[in-house]
Amino acid sequence: MTIYPRGLEFNSVPDGADVHGAKSFTWENKYGYAAIIQPKFGKNISAEGINEKGLGVHILYNGDAKDANIQIKKDEPIVDSFAWLQYVLGNYSSVNNIVQDIKGGKYQIYTFPVNIAGDEITLPVHFKIEDRTGNTAIIEFVDGHIKIIRPDNKGSANVMTNEPNYDEQLSNLQDVKDKGSEYYSIDNLPGGAKSQNRFVRANYISDNLPDVTLENQKNNEDGIGYMYAAINSVMVPFTNGYKCDFSSSAPQEDNWPTQWVSAMSLDQNKLYFTNEHIGNRVWVDLNKANLSKGQAVKSINLDNPNLVGDITSKLS
């Protein structure tokens, strides 16, 4: 877990990356934020995070993407998918503004390869963003272009798992609903680790979560508890023979056991985390962090089994 203060400078692409005629750029973040970092892929990859304005961003693996990238436009700004998460957290407070800039061509998002065990591998991903007003969007690579899914009568865009792309997930969800209410119910939701089944379960739970207001701290903790219960229902358990294989020859479908889970309170600027190898629950509270320009970037190793509760003051 890392907390970034305001006023840091970032580069839009990895050092030495071939931008194929596009233009890399730098920025200085105007908002402070917290991010969960994955340091295993040859560079520090931000998997998700929340900023001080209550904007949340998430990246998930999408192994079934037909085309994991865009068709690059020369001489136009370009940003790496994993740097994009930090770009968004550092510069935006609303989903609408993010969507407007992507559609308006302010920059193009491209997934540069990462080095895994000596192999240069492009990890197919998709994104989910939400803000404290309730606006949300899912962003995917489809047929060489960026596709943005917003809430409409075809789906809420509140739920995202892994592969396949969102349209196929909605089609599978509708197939389940068409079987009748007895199938789309808490007693008969499809089980198993397949992402499509987890999507159906997550969608049902999202549609039926208790209504929680934030009038007091207890209600906030109730809300986080409900979110953890929902996450637990779509986790993939550890099984015999499990091997985390990101090599180029690995199967693309994501059935890997859940390594960690997180939840956010966008209203209270809190990011919660549980390491499934440990079973603890910790969080950082951006309202307690000094995000002023000139402050140091602060981090903590979440593999520490002694961590529990509010760890904001423990980052160093």
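Are helices α3 and α4 roughly parallel or roughly perpendicular to each other? In this predicted model, α3 (residues 166-178) and α4 (residues 195-207) pack at an angle of about 65 degrees. Angles of 65 to 115 degrees count as roughly perpendicular, so α3 and α4 are roughly perpendicular to each other. Their axes lie 10 Å apart. The crossing of α3 past α4 is right-handed.

On the α3 side, the contact includes Tyr166, Leu170, Leu173 and Val176. From α4 come Ser195, Gln196, Phe199, Val200 and Asn203. By class, the contact residues of α3 with α4 are six nonpolar, five polar and one charged.

The largest nonpolar core holds 46 residues. Trp84, Ile98 and Tyr107 touch the most other members. Helix α1 (residues 81-91) is the top contributor, with seven residues. A second, separate core has 19 residues, including Ile36, Ile50, Val284 and Leu291.

Leaving aside residues up to four places away in sequence, Tyr107 touches Phe25, Pro77, Val79, Trp84, Tyr87, Tyr92, Ile98, Asp101 and Ile102.

Most residues other than glycine have a negative phi, and most peptide bonds are trans. Glutamate 163 and proline 164 are joined by a cis peptide bond, with omega about 0 degrees. Proline 164 sits in the loop between β13 (145-149) and α3.

Definitions and conventions:
Residues numbered from 1 in each chain as written. Predicted model: local features only at pLDDT ≥ 70, side-chain atom pairs only at ≥ 80, totals over all residues. Heavy atoms only, no water. Core = buried A, V, L, I, M, F, W, Y, C linked by side-chain atoms within 4.5 Å. Buried < 20%, exposed > 50% of the residue type's maximum accessible area, 1.4 Å probe, protein only. Helix = DSSP H or I, 4+ residues; strand = E, 2+ residues; numbered from the N terminus. Contact = heavy atoms within 4.5 Å. Axes fitted to C-alpha atoms, helices over the stretch in contact; angles between N-to-C directions. Parallel < 35°, antiparallel > 145°, perpendicular 65-115°, else oblique. Left-handed = near helix turned anticlockwise from the far one by under 90°. Nonpolar A, V, L, I, M, F, W, Y, C, P; charged D, E, K, R; others polar.
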